[in-house]
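Trainee: Could we go through this protein together, a few questions at a time?
Mentor: Gladly, let's open it up.

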Amino acid sequence: MACNFDQRIDRRHSDSLKWQKYGDRDILPLWVADTDFRSPECIITALKQRVEHGIFGYGSPPAELIDVVIARMAERYQWQINPEWLVFLPGVVSGLNIAVRAFTDEHQGTIAPTPIYPPFRSAAKLANRSQLNAQMRLEGERWVMDLAALAPQMTGSEKLLMLCNPHNPGGTVYRREELEEQLRFARQHDLIVCSDEIHCDLLLEPGVKHIPFASLSEDAQQRSVTLLSPSKTFNIAGLGASLAIIPDKELRRRFTAVRQGIVPGVDILAFVAATAAWKEGQPWLDQQIDYLRDTRDLLTQRVNEIGGLSLIAPEATYLAWIDASELGVASPALFFERHGLGFSPGRDFGDDAFVRFNFGSTRDLVNEALRRMENAVRTLPRTNTL
């Protein structure tokens, strides 16, 4: 069945965090990473059926969902996992925070890429842990992590390497040799690895494949925590269905001990949605990928035609990391907001010269955003300071 991703659904006066941010101001919300697409009918139908049951007591992970996760890892990644490895969570962000607190103490530190999804940075800050940052650099037409440059900065107190694959905000899908380099680095410095792979289903570049870090080898598996969720893929982030895959028994014990009594269990409706998404949602996902790929190509071409802006086409996600350093404005995010564009500020990710554009929306809205970007840049003199 064909899905209409061009359907524009009014979210401005709903409970949408994304659309409430600017109220009734004429600013397009292009920031937080949920899409404006209606979720697959299989999810909506499953939720309706569960609601009809009429009782909403405490729940536990359904056996069907556990079977679906195990089958998905085996079929898509040839990664054989066991049921006891699964720890269900109400969100990947909670998993990042638990990992920092479970695998480091106040005298130990973390390592993360920069720029990076803001909760990587805040997880260390909230736990009062230090963080070294591995700079993402351009290599050809891809953003890659420069781990080698970290060696002179390391003190030996670092215990946790935090990875993001596909990378947010750069959109890079790491190749096997790059993942193996990360594994060698982790082995050399005796690091536990927490790998956020929430965008693994949103691969836009033809021929590119996602490889879970933990699937590389037995060593990778035993030193890692893999964070997954159907939330970004199927636009069910508000339901909070996520999981950690932790093969090593001791790491799993430490992880679950830290979350005990603080991080709640997963909502029963979230279990229903996750099961339906991963079991029946692939036809919808295939169409969404085609739509997002076309939008990405349009966006990349148009942005790179605007003087002062540049964009490396993301290999995955629906997030575009736009370099605005040549505009000559002190805050690109603030500049564009004044012209009706609500981007995520690059400062939150570690580089204020960029903005992040969430293009998970209708083509009409993306085209309107591009028109506003073009008009905004036309207002600038050749040199300008905001």
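The questions below go from the whole chain to single residues.

Mentor: Before you ask, note that this is a predicted model, in which local features need pLDDT of at least 70, side-chain atom pairs count only at pLDDT 80 or more, and totals for chains, interfaces and linings use all residues. Residues are numbered from 1 along each chain as its sequence is written, and side-chain values use heavy atoms, with hydrogens and water left out.

Trainee: What radius of gyration does the protein chain have, next to that of a compact globule?
Mentor: The radius is taken over C-alpha atoms, and the globule rule is 2.2 Å times the number of residues to the power 0.38. For 386 residues, that rule gives a value near 21 Å. The chain agrees with it, at 21 Å.

Trainee: How far apart are the end C-alpha atoms of helix 2?
Mentor: Helices (H or I, at least four residues) and strands (E, at least two) are DSSP runs, numbered from the N terminus. The expected span of a helix is 1.5 Å times one less than its number of residues, so the 13 residues of helix 2 (residues 41-53) should span 18 Å. The model agrees with this, as the end C-alpha atoms lie apart by 19 Å.

Trainee: Which residues of helix 2 are buried?
Mentor: Buried means under 20% relative accessible area, exposed over 50%, and partly exposed in between (1.4 Å probe, protein chains only). Their cover includes helix 8 (231-234) and helix 10 (268-280). The buried residues of helix 2 are Cys42, Ile43, Ile44, Ala46 and Leu47.

Trainee: Is tyrosine 318 buried or exposed?
Mentor: Tyrosine 318 sits in the loop between strand 10 (310-311) and strand 11 (319-323). Beyond its neighbours within four places in sequence, its contacts (heavy atoms within 4.5 Å) include Leu202, Leu292 and Phe357. Its relative accessibility is 0%, so tyrosine 318 counts as buried.

Trainee: What is phi of threonine 317 near?
Mentor: Most residues other than glycine have a negative phi. Threonine 317, in the loop between strand 10 and strand 11, has a positive value instead. Its phi is near 75 degrees.
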